[in-house]
Amino acid sequence: MRRIVLLLGLVVLLFGCTQKKGQVKNQAWGNALGTTYSIIYIADKELDYQQEIDSVFQVLNQSMSTYIPSSDISKINEGDSTVVVDDMFKEVFDVSSDVHKASNGYFDPTIGVLANAWGFGPGEQIQLDSLRVDSLLGYVGWEKVKFNSDNTISKAHPSIRFDFNAVAKGYAIDRLGAMLDTKGIENYLVEVGGEVLAKGTNLDSGKQWTVGIDDPQVETGRELKQIVSLEDMAMASSGNYRKFRVDPETGEKYVHTINPKTGYTKNSNVLATSVVAKTCAVADAYATTFMAMDLEESKEILANHDELEAYIIYLDENGVTKEFFTPGFEKLVKK
């Protein structure tokens, strides 16, 4: 996962960092899953959970990293049908199934062969034309894979390749949160590559955890578009403004969002999405999905899923930047 899909960054804003009596702000940070992470957990004493944090990343990589040849997902991608996957793989598979169904197929982790072909995966990038894309689409489709009762995976064709990059990072955050829960930590903020899970409050300030959402139209440096407050919820964001590839010969720009229905990278009027949900895996999956869909299609999903809140930045028919908020998301924005 060294090049796990780079989603829209979030900058954690820590206000009122004066440590209060009887409260210790413990922190851990580093690199994992091809990005950076920062974890803040507040307790009544100094704690060090670095070993446990490293273990979560290690186990997740062994299960789902397409950049580790010996991982379960890499073996399955290479055609090994005897691999018995762990519970984490199953949970990510189940989330993917749910979002695939809810999105009418716009979320599809079997796009691995296309991700490689477009230059966004661990495999070989190839020269694509309409015939080649149509051919590769034959190896894409969630209905072509099956999770068996013995925890093995069946594929309709050996060339089908999984790519969980649009959900695994969010899932990693959920697992880190679950680890802190087992330690009895009631107030924490977990951030990996811009995705966050907030529990309790920031006891340093006595307020909710506060994070910022980047402006997708600022290409150098970072400028905040919105600031939101979170408590007992997760938020993931996605955008094409920083993750893209430019053809050195034609100068054409290819963004990382791939439409699994057409096989082509998606260029649309949607610039960036942010989704709030109970789990970061779900938020992560939908944030990516809404980048692949047209705005009206995303609105329809949101109208039918009260458990989701979203903020979408887009261009109208005149090229003017606009913002769409669900009512619940708007309530999270700091005025």
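Q: Is Leu33 buried or exposed?

A: A note before the case: the model is predicted. A residue counts as buried if its relative accessible area is under 20%. Leu33 has a relative accessible area of 5%, so it is buried. Its place is in the loop between strand E2 (24-32) and E3.

Q: What is the phi of Leu33?

A: Phi of Leu33 is near 55°, which is a positive value in a residue other than glycine. Asn104 also has a positive phi, of about 55°, and is not a glycine either.

Q: Is Asn104 buried or exposed?

A: The word exposed is used when the relative accessible area is over 50%. For Asn104 the value is 57%, so this residue is exposed. Asn104 is found in the loop between H3 and H4.

Q: Where is Thr110, and what is its relative accessible area?

A: Thr110 lies in the loop between helix H3 (87-102) and helix H4 (112-117). Its relative accessible area is 0%, so Thr110 is buried.

Q: Which residues does Thr110 touch, leaving aside its neighbours within four places in sequence?

A: Contact is a matter of distance: heavy atoms must lie within 4.5 Å. With those neighbours left aside, Thr110 is in contact with Tyr139, Val140, Gly141, Trp142, Val145, Ile160, Arg161 and Phe162. The side chain of Thr110 also makes a polar contact with the side chain of Asp108, at 2.5 Å.

Q: How many aromatic pairs does the structure hold?

A: Two rings pair if their centres lie within 6.5 Å. The structure holds 14 aromatic pairs. One of them joins Tyr37 and Phe57, with 5.0 Å centre to centre and 45° between the planes, and this pair is tilted.

Q: Which parts of the chain does the pair of Tyr37 and Phe57 link?

A: It links distant parts: Tyr37 is in strand E3 (residues 35-43) and Phe57 is in helix H1 (residues 50-64), 20 residues apart. Both Tyr37 and Phe57 are buried.

Q: Which residues do ring pairs link into a cluster?

A: The cluster consists of Phe89, Phe93, Trp142, Phe147, Phe162 and Phe164, linked by ring pairs. Trp142 and Phe162 were also among the contacts of Thr110.

Q: Which charged end sits over the ring of Phe147?

A: For this feature, the charge has to be within 6 Å of the ring centre and within 35 degrees of the ring normal. The charged end of Lys90 sits over the ring of Phe147, 5.6 Å from its centre. Elsewhere, the charged end of Lys261 sits over the ring of Tyr106, 5.0 Å from the centre of that ring.

Methods:
Residues are numbered from 1 along each chain as its sequence is written. This is a predicted model: local features need pLDDT of at least 70, side-chain atom pairs count only at pLDDT 80 or more; totals for chains, interfaces and linings use all residues. Side-chain values use heavy atoms; hydrogens and water are left out. Rings of Phe, Tyr and Trp (its six-membered ring) pair if their centres lie within 6.5 Å; planes under 30 degrees apart count as stacked, over 60 as edge-to-face and the rest as tilted. Helices (H or I, at least four residues) and strands (E, at least two) are DSSP runs, numbered from the N terminus. Buried means under 20% relative accessible area, exposed over 50%, partly exposed in between (1.4 Å probe, protein chains only). A polar contact is a pair of N or O atoms within 3.5 Å; within protein, one must be able to donate a hydrogen and the other to accept it, and residues adjacent in sequence count only if both atoms are side-chain atoms.
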